[in-house]
Amino acid sequence: MTTYTNSSSPRKPLIAGNWKMNMDHVQGADLLQSLAEGLSEANHDPQRVEVAVFPPLTTLSTVQALIQDDGLDLVCGGQDLSPYDSGAYTGDTSAQFLAKLGCRYVLVGHSERRTIHNETDDVLNAKVRAAYRHSIVPVLCVGEGLEIRQAGTHVEHTLTQLRAGVEGLTEEQAPRLVVAYEPVWAIGTGEVAGPQDAQEMCAAIRADLTELFDADVAARARLLYGGSVKANNAAAILNEPDVDGVLVGGASLDSAEFARIACAEKPQTAAPAL
Ligand code: PEP
């Protein structure tokens, strides 16, 4: 199984905060400002670690305007997108609108979308392609539920989601991919997969990317872990060689906690593969 050490990694760590359906645009502005202060107090170095927030849609433009106007070292992303670029799709959001708002990233296939909205692998693959059409980096979320983990088929299950999600990507597109391994049983439950569990899956994903594309793609794609990440467990997870960042839900709503997670990064530097 291929692994990459911290010192030789070409990958810039990404600390991503998924605000879910929390924070209206007024609350979101406050949270962003206190996060920026927290990062600055903790001496966050944006050259070494990228910090992204994923606010709800109605909060996005306020957050993006603040980032731009105040020159904050943060980026933002959408929580979902339509597989289509425009048309009669009431309630959906086009990747081109997210791109125009300045989103760098978009979450695709979060387990809450897969379960509550019944999003299938085919739909998610179409969403991944829609993101690339508009130069937005998809953060493809994959991961198993508790029953699958207990049956011991979690790696196979997660790689099936990965393969379906990235189908049809070119070798030019694939290195920019971000994959978030989020075991469903660890999301919002306080149950954290151990650092070794995160490493096992991220190494398996990276090995699979080598097979699906090539070693260069696998070495450049960033792999995140998500599931009850907090300031007190982030460093151990980030220290694993194939884990390039974390996707944080609940703890991203606490600016001080999230700033501490962002500063618990692994020691390495490089430009992001954007
Ligand atoms: C998430 O929603 O992606 C997530 C990982 O949530 P939490 O950190 O709250 O488990």
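These legends walk through several close-up views of one predicted model. Local features are described where pLDDT is at least 70, side-chain atom pairs count only at pLDDT 80 or more, and totals for chains, interfaces and linings use all residues. Residues are numbered from 1 along each chain as its sequence is written, and side-chain values use heavy atoms, with hydrogens and water left out.

View 1. Let's start with helix H1, which covers residues 25–41. Helices (H or I, at least four residues) and strands (E, at least two) are DSSP runs, numbered from the N terminus. The expected span of a helix is 1.5 Å times one less than its number of residues. For the 17 residues of H1 that gives 24 Å, and the end C-alpha atoms are 24 Å apart, so the two agree. Which residues of H1 are buried? They are Gly28, Ala29, Leu31, Leu32, Leu35, Ala36, Gly38 and Leu39. Here "buried" means under 20% relative accessible area, "exposed" means over 50%, and "partly exposed" is in between (1.4 Å probe, protein chains only). The buried residues of H1 pack against strand E2 (50–54), helix H2 (57–69) and helix H11 (255–262).

**View 2. The two ends of H1.** Met23 belongs to the loop between strand E1 (14–18) and H1. The phi of Met23 is near 80 degrees, a positive value in a residue other than glycine. Now hop to the other end: just after H1, Asn43 has a positive phi too, about 55 degrees.

View 3. Strand E4 takes in residues 105–108, and both of its faces are covered. Tyr105 and Leu107 are buried on one side, Val106 and Val108 on the other. Two strands pair if DSSP finds at least two bridges between them. Strand E3 (residues 75–78) runs parallel to E4, joined by two bridges, and Gly77 stands opposite Tyr105. To get from E3 to E4, the chain passes through helix H3 (residues 95–100), making a right-handed β-α-β crossover. Right-handed here means that, with the strands pointing away from the viewer, the path from the first strand over the helix to the second runs clockwise. E4 also pairs with strand E5 (residues 137–142), again in the parallel sense, over four bridges. In E5, Val137 is the bridge partner of Tyr105.

View 4. Arg222 lies in strand E7 (residues 222–226). Is Arg222 buried or exposed? It is buried, with a relative accessible area of 3%. Its side chain makes a polar contact of 2.8 Å with that of Tyr105; a polar contact is a pair of N or O atoms within 3.5 Å, and within protein one must be able to donate a hydrogen and the other to accept it, with residues adjacent in sequence counting only if both atoms are side-chain atoms. Arg222 also forms a salt bridge with Glu50, the closest N and O atoms being 3.0 Å apart. Glu50 is buried, like Arg222.

**View 5. More salt bridges.** A salt bridge is a side-chain nitrogen of Lys or Arg within 4 Å of a carboxyl oxygen of Asp or Glu, and the whole structure has 17 of them. One of these joins Arg149 and Glu144 at 2.9 Å, N to O, and both residues are buried. Another links Glu257 and Arg260, with 3.1 Å between the closest N and O atoms. Those two lie in helix H11, three residues apart, about one turn of the helix. Glu257 counts as buried at 15% relative accessibility, whereas Arg260 is partly exposed at 47%.

**View 6. Gln161 in helix H7.** Gln161 lies in helix H7 (residues 154–166) and is buried, with a relative accessible area of 9%. Leaving aside neighbours within four places in sequence, Gln161 is in contact (heavy atoms within 4.5 Å) with Arg114, Asp121, Val142 and Gly143.
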